[in-house]
Amino acid sequence: MSLSPRLAWLTGLVATLSLAAVVHILVVLTIPQNTSHSAYADVANFGPDRQFNLLPDVKPGAEPLPALDPAMKHAACRFTLDDGPVLFTASIPVPFWSIGLFNEAGEAVYSLNNRTSGSDILSMLLLTPEQLSIIRENPPEDLDELIVLEIPATNGFALLRAFVPHSHQSKEVDTALSTAYCGSLS
Amino acid sequence: MNVASKTPTAQVPVHSEAAWYEPDMPAIIAPRRPTPIRSLFAVLLILFVGSLLGIASAYLMIERDRPFLSVTIGPWSAYPEAGTSEADPYSVAIYTRSARIPLASGEGLAISARTDSSGTTLDPACDYRISGQTPTARLWTLTAAGDHGRLLPTLAGRTFLTSRQILRKEDGSFEITASRAPRSGNWLPIGLPLTGETGAGDITAPGGIGSGLMFTFRLYDAPITTGSALDGAVMPVIERLSCL
C-alpha cells in the first residue's frame, strides 16, 4: 500500500508539523528541570542558609540577581523547613520594604510589605502543617504577635527588599538588612 | 551460437518486475513500486525537520523573553501571573531559565515597555518623553535597561527615577525625559553604549544581552497587582522626541 504523490506530500507535511509541535511542547516543559542554575541555587552564593545575607547593590554590570530594582537594597535568606520552623524578624526604618517568600521553583508563595504587615516590624513564622501542630501544644509567648504561615513546600528562600530614599541612608539600610533575623525559633 | 543464445530475442520484453502494473487502473489507486531507500530518507527528513522546527520555535518563544499571559496598557505590559503557581508553561520556562525573582503580588507589580506609544521599538540612541500618570501606588520606580532587563552604566551613575524624586505638575501628572545626555527636569538616564570595552565584547551591540531599551515601572504596594484590576488603568504615554 502506498500513497499517491500528492497525498504523500500532505502526509509528510502533517507528520513534520505534528512532530514539531510535540518537540516544542516537550522542550518548553522540560526547560525548568534542565536549567543549569535556578534562583534558589543562586541565592546560596551570598552566604550560608538560615540567615539574611545582604546582597550587593544593584549596579550596572554587577547585578547580584537578574531583574532586581536598582532603587532597592536586598537581603536573601535560604531555608529548609526540615531543619525546623523559620522565624523572620526585621525592623527597617525606610518608607517601604517588602518580603517575598519563594519556593524552590522560584514561585512566589507569600508576600507582604510594611503596610500589610500591620506594623513596621516584620515578625513572621514559617512552618509546615506538622510543625504547627507541635507548636500549638506548647506555644511560645509571643505567638499571637507573629504572622504564622503554613507552607507545603519545605525548601525555599525569602527576599527582603528595602527602598533607599536617599543615598546617605544607604549605610543605615544596610545595617537594618544585615541585622534582620532569619532562623530558628528559640 | 553461444553468443547468439545470450542476446534477447527480438520480441517485446516481458519484465517480470513490471507485471504488477495494470495500466487500466485509475492513477489514484494504482499501486506503486515500493521505494525503500526513498521512504527511509523521507522518514528521516520528516524526523529531522520536525525536531528542528520544534526546537527552534521553542527557543524563539523562550528567547523572546515575553511571557504569554500579559496585561497590556498601551505600550506597557505586565505579567501578574508570571512567577506564581498559576503561570503558563512559557513564563515558567522563561523565569526559571533566567533565574529571575519576580515581584510577588503583595510587594508590587513590574510593568515594562519595549515600544513607544506609536508601536515603534524603543531605541537607546533616542530621547523619549514619558508623560502622564501611573496607577495608584505607594511608591514607584522607573528604570531604563536593555531589552533583556540588563542595567547599563549611565552618565549620571544612576539608572532609575523614583516617585519621591520627581517634580509633578499641579494635577499630579509628570513629564520625564529619558535620554543618554543630561536633561533638565525629570531626567531618566539611558545606558551608554559600551564601545571600546575590552574582553567580554560589546554586550550593547545589536543582538547582545545589553542591546535595545526597555522602560520598567515597578509599582510598589499598588492595589492593581491582579490582572483584572489592571483593566482601565492608566499608564504614561511614551513619545519619541529625537534621535542621535
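Helices (H or I, at least four residues) and strands (E, at least two) are DSSP runs, numbered from the N terminus. Residues are numbered from 1 along each chain as its sequence is written, chains are lettered from A, and ligands are numbered from 1, in the order in which they are written. This is a predicted model: local features need pLDDT of at least 70, side-chain atom pairs count only at pLDDT 80 or more, and totals for chains, interfaces and linings use all residues.

**Stop 1: a residue in chain B**

Select Phe48(B). Helix α2 of chain B holds Phe48(B). Is Phe48(B) buried or exposed? Phe48(B) counts as exposed because it has 12 C-beta neighbours inside 10 Å. The scale is simple: 20 or more other C-beta atoms within 10 Å of a residue's own make it buried, 12 or fewer make it exposed, and anything in between is partly exposed, with C-beta atoms placed from the backbone. From Phe48(B) to Ser242(B) is 194 residues in sequence and 48 Å in space, C-alpha to C-alpha.

**Stop 2: the sheet of chain B**

Stay in chain B and show the strands. Six of them make an open sheet in the order β1-β2-β3-β9-β5-β6, with antiparallel pairing. Its edges are β1 (71-73) and β6 (160-162) of chain B, each pairing on one side only. From one strand to the next the twist averages 20°. The axes here are lines fitted to C-alpha atoms (for helices, over the stretch in contact), and angles run from 0 to 180 degrees between N-to-C directions.

Two strands pair if DSSP finds at least two bridges between them. Select residues 139-145 and 214-220 of chain B. These are β5(B) and β9(B), antiparallel strands joined by seven bridges. Pick Thr141(B): its bridge partner in β9(B) is Arg218(B).

**Stop 3: chain A as a whole**

Switch to chain A. Four helices and nine strands are there. Read from the N terminus, they run α-α-β-β-β-β-β-β-α-β-β-α-β. The C-alpha atoms fill a box of roughly 80 × 45 × 30 Å along the principal axes. Chain A has a radius of gyration of 23 Å, whereas a compact globule of 186 residues would be near 16 Å. That radius is taken over C-alpha atoms, and the globule rule is 2.2 Å times the number of residues to the power 0.38. Of the 186 residues in chain A, 35% are buried.

**Stop 4: helix α1 of chain A**

Select residues 5-34 of chain A. This is α1(A), with 30 residues; it reaches 41 Å from first C-alpha to last, close to the 44 Å expected at 1.5 Å a residue. The expected span is 1.5 Å times one less than the number of residues. Where does α1(A) bend? Go to Val28(A): the bend is about 25°, and Pro32(A) follows within four residues. A bend is the angle between axes fitted to the seven residues ending at a position and the seven starting there.

Color the buried residues of α1(A): Thr16(A), Ala20(A), Val23(A), His24(A), Val27(A) and Val28(A). Their cover includes α2 (36-63) and α3 (89-98) of chain B.

**Stop 5: where the chains touch**

Show both chains. In all, 48 residues of chain A are in contact with 51 residues of chain B. Contact requires C-beta atoms, placed from the backbone, within 7 Å. On the chain A side, α1, α2 (39-43), β4 (97-103), β5 (108-113) and β8 (155-163) each give two or more residues. With 14 residues, α1(A) gives the most.

**Stop 6: a hairpin in chain A**

Zoom in on β4(A) and β5(A). They form a hairpin with four residues between them, and Gly106(A) in the turn has a positive phi of about 85°. The two strands pair antiparallel over five bridges. Leu101(A) stands opposite Tyr110(A) in β5(A). Five of the six residues of β5(A) are buried.

**Stop 7: strand β6 of chain A**

Select residues 121-127 of chain A. Five of the seven residues in β6(A) are buried. Strand β3 (residues 86-91) pairs with β6(A) antiparallel, over six bridges. There, Ala90(A) stands opposite Leu122(A). Strand β7 (residues 147-150) pairs with β6(A) in the parallel sense, over four bridges. Met124(A) stands opposite Ile147(A) in β7(A).

**Stop 8: two loop residues**

Finish with Arg50(A), in the loop between α2 and β1 (53-54) of chain A. Arg50(A) is not a glycine, yet has a positive phi of about 55°. Arg50(A) is partly exposed, with 14 other C-beta atoms within 10 Å. Then pick Ala67(A), in the loop between β1 and β2 (72-80) of chain A. Ala67(A) has a positive phi of about 60°, again without being a glycine. Ala67(A) is buried, with 23 other C-beta atoms within 10 Å.

Technical notes. Two residues are in contact if their C-beta atoms, placed from the backbone, lie within 7 Å.
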